[in-house]
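Colleague: I would like to learn how to read a model like this one, feature by feature. Could you walk me through it?

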Amino acid sequence: MKHTVFDGQGGFAGQARSVKPLIARHSRAGLREISVQHLLEWAFGVEHVELSHPDELAPVPVGMGMEWRLIEQAKLGCRVDGGGRSHAHEDAETVANVVASIAKWSGDWTMALRIADLARSGQVPDWCKDERPRCIPRSWTQNQYGDHAATAVAETITQVSRGKEVKFEVKYCPVTYSPSAAHISAKRRDYLAWYGALLEIASLLRGAGLVAYTLNDVMPPMTPWR
């Protein structure tokens, strides 16, 4: 049986990362405010809730929690496996169902998995924070003196010197830009898609009947590269 132990200082004992807004989930003082990003990180990273494929989801009545799920499992002849980790918190299950439901409606299961993976690791999509397009040689060559930019022949010029034709090769260094502007743009479109998915998840969770938390309006930066 899993026991969540609070350290009394705003964190979870045994957790390497302290998430201050997530303390005292069973507090009688009322629902605790939390951002959608921190709620996702708590559900997938702390409670270790798992996603169900959209085809496996059944509609869960509003206000029904783990008891309803156990009753439905009993109807199917299922039983809870013993000896393992206990069930995740009811709110964490709700979060997972909402994320999976978005995949069912949009047909984009990849985004749901990405949201869960990023939440587990406490990360955001890579938007090329420290990357700028740099002009670099397209290829390199090596000799006894070290590495050198590879060259190519642009044209051959013929000149007459002392009555003889002499040919000269005009060479240049082919270059490219890395990372390319297209690569950076694609990464930032991916970040904006993740941000939009968080907005939709937050909207759905506000009406999902959370029992321990209430969502505030705090969001990660929409365009952190600006």
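Colleague: Let me start with Gln37. Which helix does Gln37 lie in?

Modeller: Gln37 is part of helix H1. Keep in mind that we are reading a predicted model.

Colleague: How do I decide on burial here: does Gln37 count as buried or exposed?

Modeller: The general idea is to compare relative accessible area with a cut-off, and buried means under 20%. Gln37 has 17% relative accessibility, so it counts as buried.

Colleague: And which residues does Gln37 touch, if I skip those up to four places away in sequence?

Modeller: With those set aside, Gln37 touches Val124, Trp194, Leu198 and Pro220.

Colleague: Now the helix as a whole. How many residues of H1 are buried?

Modeller: Nine of its eleven residues are buried, so H1 is largely enclosed by the rest of the structure. Besides Gln37, the buried set includes Val36, Leu39, Leu40, Glu41 and Trp42. Ala43, Phe44 and Val46 belong to that set too.

Colleague: What covers the buried residues of H1?

Modeller: The cover includes strand E1 (32-34), helices H3, H4 and H5, and strand E8.

Colleague: What follows H1?

Modeller: His48 does, with a positive phi near 55°. His48 sits in the loop between H1 and helix H2 (66-75). At a relative accessible area of 38%, His48 is partly exposed.

Colleague: Where does Arg162 lie, the other residue with a positive phi that I noted?

Modeller: Arg162 lies in the loop between strand E5 (152-161) and strand E6 (164-172). Its phi is near 55°, and Arg162 is not a glycine. With 85% relative accessibility, Arg162 counts as exposed.

Colleague: Next, peptide bonds. Is the one from Ser178 to Pro179 cis or trans?

Modeller: Read the omega angle to decide. Here omega is near -10°, and the bond from Ser178 to Pro179 is cis. Pro179 is placed in the loop between strand E7 (175-178) and H5.

Colleague: That brings us to H5. How do I check the length of H5 against what is expected?

Modeller: Compare its end-to-end reach with the span expected at 1.5 Å a residue. H5 has 25 residues and reaches 36 Å from its first C-alpha to its last, close to the 36 Å expected.

Colleague: Which elements do the buried residues of H5 pack against?

Modeller: They pack against helix H1 (36-46), H3, helix H4 (109-121) and strand E8 (213-215). Among those buried residues are Ile184, Arg188, Tyr191, Trp194 and Leu198.

Colleague: How do I read the way H3 and H5 cross?

Modeller: Look at how closely the axes approach, then at the angle. The axes of H3 (residues 90-106) and H5 (residues 181-205) come within 10 Å and cross at roughly 120°. H3 and H5 are therefore oblique to each other. Their crossing is right-handed. In residues, Thr94, Val95, Val98, Val99, Ile102 and Trp105 of H3 meet Ala197, Glu200, Ile201, Leu204 and Leu205 of H5. Sorted by class, this contact has nine nonpolar residues, one polar and one charged.

Colleague: And at what angle do H4 and H5 cross?

Modeller: Their axes cross at roughly 90° and come within 11 Å. That makes H4 roughly perpendicular to H5. On the H4 side Met111, Arg114, Ile115 and Leu118 take part, meeting Asp190, Ala193, Trp194, Ala197 and Ile201 in H5. The class count for this contact is seven nonpolar, no polar and two charged residues.

Colleague: Could we zoom in on one residue: how far apart are Met111 and Ala193?

Modeller: Met111 and Ala193 are 82 residues apart in sequence and 8.6 Å apart in space, C-alpha to C-alpha. Met111 belongs to helix H4 and counts as buried at 16% relative accessibility. Leaving out residues up to four places away in sequence, Met111 touches Ala193, Trp194 and Ala197.

Colleague: Finally, the whole chain. How many helices and strands does the protein chain have?

Modeller: There are five helices and eight strands. Of the 226 residues of the protein chain, 31% count as buried. Among contacts between residues at least 6 apart in sequence, 67% join residues at least 24 apart.

Conventions: Residues are numbered from 1 along each chain as its sequence is written. This is a predicted model: local features need pLDDT of at least 70, side-chain atom pairs count only at pLDDT 80 or more; totals for chains, interfaces and linings use all residues. Side-chain values use heavy atoms; hydrogens and water are left out. Axes are lines fitted to C-alpha atoms, for helices over the stretch in contact, and angles run from 0 to 180 degrees between N-to-C directions. Helices (H or I, at least four residues) and strands (E, at least two) are DSSP runs, numbered from the N terminus. Angles under 35 degrees count as roughly parallel, over 145 as roughly antiparallel, 65 to 115 as roughly perpendicular and the rest as oblique. A crossing is left-handed if the near helix is turned anticlockwise from the far one by less than a right angle, and right-handed if clockwise. Contact means heavy atoms within 4.5 Å. Ala, Val, Leu, Ile, Met, Phe, Trp, Tyr, Cys and Pro count as nonpolar, Asp, Glu, Lys and Arg as charged, and the others, Gly among them, as polar. The expected span of a helix is 1.5 Å times one less than its number of residues. Buried means under 20% relative accessible area, exposed over 50%, partly exposed in between (1.4 Å probe, protein chains only).
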